[in-house]
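Subject: Structure handover and notes

Dear colleague,

I am passing on to you the structure that I have been going through, and I would be glad if you kept it open while you read. My notes come after it.

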Amino acid sequence: MKYRPSLRTRRMAISTAVVLALSGANGPWVYRFSSERYHEYKINKPDYKAANGHWDFLDIPSGYRINTIHAALLHTGKVLLVAGSGNNRKNFDAKSFRSVLWDPKTDEFKNIPTPEDMFCSGHTQLPDGKLLIAGGTRRYEKLKGDVTKAGGLMIVHNEDPDKPITLPAGTRFTGSANGRTFVSKDPVLVERATKVFDRRTGAFLRNDAGLGRIYVEAQKSGEEYGTGTEDNYRIAGLTGSDARNVYGIAQKLALDKKDFQGIREAFEFDPVSEKYITVDPMNEARWYPTLTTLRDGRVLALSGLDEIGQIVPGKDEIYDPKTRKWQYTGIVRRFPTYPAVFLLNDGKLFYSGSNAGYGPADVGREPGIWDLATNSFRKIPGLSDADEMETSATVRLPPAQDEKFMVIGGGGVGESDRSSAKSRLVDLKDPAPRFRDGASLEEGTRYPSASLLPDDSLLVTGGSNDYRGRGGSNVLQARLYDPRTDTYKRVADPAVGRNYHSGSVLLPDGRVVVFGSDSLYADRANTRPGVFEQRIEIYTPPYLYRGSRPELTAGPHSIRRGGTGRFTTAHGATITSAKLMRPSAVTHVTDTDQRSVALGLKRTAGGITVTVPGNRALVPSGWYMLFVTDDRGTPSEGMWVEVP
């Protein structure tokens, strides 16, 4: 008798066939779905968190989402997020400039009125706890195809030793050879000439012309109104000796790409009133500058693009918080934009070679130790990939007393597709300091974010293999670096890629907030323009999943350098170290404020006593987070302490 399957068996066979067919057609989706579900399950297991940490998204209400390009932790515990125009020309044209204040304890947000476009400004912490912000954007770049009028840099010469001269906006310059006329966009002050004498005989030798720099444009649109060679230019409206003594010289004036232009404006942000305070403007306009705090609490402003889109020609200047005014240093030293310049324990400055971009490939890129008093610069050799330092991150490793620095990742100059996986180490206490290669990253990484943690490790996260994440090259990895063993450990991966215009900030509770990213393209094929990443992630390190942590319950809010402070705690017997950590002020993965200073520690009845080092350059005046760690390496929450 021929076998005939039952109705139930036939139904089961049909169902199985359908499932198999669907699985065959949708296998990748089924696999991906199940993998994602398993991944979510795995990363949320307590054991995994305790070993690798955990990432969470910050829940930002829609009215407070901005293109965060700068971030600074304030001594109130709040974080100032600054976008300015946010690399958005429409915002710039509409004068829509944004800053948002976020309170990590309450997750409350507040919009802060922002008076100027602080997009790509510089900033640093001041001794009184305010944040100095200087520079920003005067004009967005114009790509070659968008430029309609020929233009560029005009150098104005004044050979009169007796008086300076001011040329108003709209001044016309006419070429002696080419006959073409260009018009200035702004007024310019040209200093008088300097008389030069023979040092030996005292005899007069010559007049060195005073110089002024101004951006000029052709009167009409079109390529035919540009020039291709250098020429001398007569200045309309000048008569007599002025007509003889004052003239312009310009190289090529054409329809080439025009870079961003900077502003002079400067502000202090007051964390108490939560407002920007206008202070004296800088002498030089700066876009992409670095601000570095000096030993005496004054602030050095370096580099940047000026009001005509040129690298500021080494005219460094210093801000005095007492007078709220700027003064030239009288020193000329050129750096690329956002140079990573750090204050050392003897008051000198260390330039690591890290920078964020603009500037000649052969000017100011070698690392070294700079004595501001004499303008001497001692170069530091040993970089095995010196041509891949752009877009790298530099960190002063803990403790700050040791003066050991690490330079992480980076890439080639400009829009290069080259990236470095190296970490370079240098010990500046060595009589003959020299870079050496340390532990490597898994792949080449431009724009890595690096935050010191209170357990003396370093969180390194984000970045991309290629310029601004081209080709879908974001590095979705995070690592903890141990300076004692020079090793990286891969930890939980972030959900969001971060490249250009990104950074990270340590919070007082020991977590790290990671923000920004401005990909050039939105797809691997580089066909769709990128969109600024407004999501913010927070990394909770493994040490916060160990259960209990030491706690400081009371103590002084101010300790002088060389002084001591007693803090009460129920965990005194297990506390093994104490440190002061300066709050971050970061942009373009550049953070020269970041440092961790080891403190003297003594256990007392019912608490501990800490001693602050007496060196003003090691411990600049200002507010710090005081962390203690126990014998498991678990840190306390940071307690705010002022060093007056």
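Predicted model: local features only at pLDDT ≥ 70, side-chain atom pairs only at ≥ 80, totals over all residues.

Residues are numbered from 1 along each chain as its sequence is written, and side-chain values use heavy atoms, with hydrogens and water left out.

Let me begin with an open sheet, in which 4 strands follow the order 30-31-32-33 with antiparallel pairing. Helices (H or I, at least four residues) and strands (E, at least two) are DSSP runs, numbered from the N terminus, and two strands count as paired if DSSP finds at least two bridges between them. Strand 30 (393–396) and strand 33 (436–437) are the edge strands, each of them pairing on one side only. Strand 31 (residues 404–408) and strand 32 (residues 423–427) are joined by 5 bridges in the antiparallel sense, and here Lys404 stands opposite Asp427 of strand 32. As a general point, strands of a sheet pair through backbone hydrogen bonds, either parallel or antiparallel.

The loop between strand 31 and strand 32 holds Ser419. Is this residue buried or exposed, or something in between? Ser419 is partly exposed, because its relative accessible area is 22%; buried means under 20%, exposed over 50%, and partly exposed in between (1.4 Å probe, protein chains only). Not counting residues up to four places away in sequence, Ser419 touches Glu388, Gly410, Gly411, Gly444, Thr445, Arg446 and Asn465, where contact means heavy atoms within 4.5 Å. The side chain of Ser419 also reaches the backbone oxygen of Asn465 at 2.8 Å.

A further loop in this part of the chain, between strand 30 and strand 31, is the place of Pro399, and a cis peptide bond with omega of about -10° joins Pro398 and Pro399. Lys95, in the loop between helix 3 (89–93) and strand 4 (98–103), has a positive phi near 55°, and Lys95 counts as exposed because its relative accessible area is 65%. Asp456, which lies in the loop between strand 34 (449–452) and strand 35 (458–461), has a positive phi of about 75° although it is not a glycine, and with 29% relative accessibility Asp456 is partly exposed.

Next, please look at strand 40 (residues 537–540), which is covered on both faces: Glu537 and Tyr539 on one side, and Ile538 and Thr540 on the other, are all buried. Strand 40 pairs in the antiparallel sense with strand 1 (residues 54–57) over 4 bridges, and with strand 39 (residues 512–516), also antiparallel, over 3 bridges. Which residue of strand 40 is the bridge partner of Trp55? That partner is Tyr539, and Tyr539 is the bridge partner of Val512 as well.

Leaving aside residues up to four places away in sequence, Trp102 touches several residues, among them Val513 and Ile538.

Finally, strand 11 (residues 172–175) and strand 12 (residues 181–184) run antiparallel and are joined by 3 bridges, with Arg172 opposite Val183. These two strands form a hairpin with 5 residues between them, and Gly179 in the turn has a positive phi of about 75°. Strand 11 is also joined to strand 17 by 3 antiparallel bridges, where Gly175 has Tyr233 as its bridge partner. Thr227, in the loop between strand 16 (210–218) and strand 17 (231–235), is buried because its relative accessible area is 9%, and its contacts beyond four places in sequence include Asn178, Arg180 and Tyr233.

Note on methods. Polar contact = N/O pair within 3.5 Å; in protein donor to acceptor, adjacent residues only side chain to side chain.
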